[in-house]
Amino acid sequence: PSDVRMVGFDPTILVLRSLQKPIRLRIHGSDERTYSFLVKSGEDLRQDQRVEQLFAVMNTVFGRDRECHQRQFRLRVYSVIPLSKKVGMIRWLDSTVPLKSLIEQQLAKEGIPDIGSHPATKLFYSFLASKGGLNVPLPQCYPAVYRNATAEEIRKLMRECHEKIPGDLVTRGLKALCPTPQAFFQLRRNFLDSLAVVSVCGYVAGVGDRHLDNFLLDTRTGQLILIDFGHAFGSATEIQ
């Protein structure tokens, strides 16, 4: 709300494990509510802010379309506040987990501690190494493979990786969040609807770098949320 003022900070913070060590802090508002934010350094969040603004416009378009409005098609948007070219704040999204974590919880039940230890991942990286993709810096990794591998080799690799991955990992993860079958059906419907929305809107916005850590899942509703827009507006769809 625009009339809420900041009255203080919570004395405790949470430092996350990722590379840049972002910090979650809590701000106490004059409305007696607490607002959580993620403070990130070393990244320019102005592009993230622009993408969220574009998503808000897309939500307006959805709202004006009768069928989209009836089916409640919407993107989950959140505040991004750049403070400088290297520091900014992002509204913390409660009750969410990365899609990767949801999948890894199910893999752990099969004795596989993380995605990196899965046979499909090992096969994938072995292929990268065979095509010279692991002996160069990461930004040049995929262009190197693109130059050295044929389309048929890539299709064959994808088929072999797909065959090694259980097809119901996400389904099992969603079921684990639900106390009843009815709750699962609703959560699954929300997941599928939001997957369609983020896929189309992300494509239109030219959003790239869509690995499993860059999708958040709302564990209450099943809605997918796009995060981290370091590559957007087509920057990830061109190989130099």
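This is a predicted model: local features need pLDDT of at least 70, side-chain atom pairs count only at pLDDT 80 or more; totals for chains, interfaces and linings use all residues.
Local features need pLDDT of at least 70 and side-chain atom pairs count only at pLDDT 80 or more, while totals for chains, interfaces and linings use all residues. Residues are numbered from 1 along each chain as its sequence is written, and side-chain values use heavy atoms, leaving out hydrogens and water.

Q: How many salt bridges does the count come to?
A: A salt bridge is a side-chain nitrogen of Lys or Arg within 4 Å of a carboxyl oxygen of Asp or Glu. R71, R189 and D193 are linked in a network of such bridges. By this rule the count comes to 13.

Q: Which residue meets R172 in a salt bridge, at 3.0 Å from N to O?
A: R172 lies in helix α7 (residues 169-176), and its partner in the loop between α3 (99-108) and α4 (119-130). Helices are DSSP runs of H or I, at least four residues, and are numbered from the N terminus. The pair therefore ties together parts 62 residues apart in sequence. The partner is E110.

Q: Is K131 buried or partly exposed?
A: Buried means under 20% relative accessible area, exposed over 50% and partly exposed in between (1.4 Å probe, protein chains only). K131 forms a salt bridge with E153 (3.1 Å, N to O). E153, at 29%, is partly exposed. K131 has 17% relative accessibility, so K131 is buried.

Q: What separates K156 and E160 in helix α6?
A: These two form a salt bridge, with the closest N and O atoms 2.5 Å apart. K156 is partly exposed at 43%, and E160 is partly exposed at 27%. They are 4 residues apart in the helix, so the separation is about one helical turn.

Q: What is the relative direction of α4 and α6?
A: The helices pack at an angle of about 160°, with axes 8 Å apart. Axes are lines fitted to C-alpha atoms over the stretch in contact, and angles run from 0 to 180 degrees between N-to-C directions. Angles over 145 degrees count as roughly antiparallel. The two helices are therefore roughly antiparallel.

Q: How many residues of the contact of α4 with α6 are nonpolar?
A: Contact means heavy atoms within 4.5 Å. L123, F124 and F127 are among the α4 residues there, and α6 brings residues including I154, L157 and M158. Ala, Val, Leu, Ile, Met, Phe, Trp, Tyr, Cys and Pro count as nonpolar; Asp, Glu, Lys and Arg as charged; the others, Gly among them, as polar. The contact has 3 charged residues and no polar ones, and the nonpolar count is 9.

How values were computed
Angles under 35 degrees count as roughly parallel, over 145 as roughly antiparallel, 65 to 115 as roughly perpendicular and the rest as oblique.
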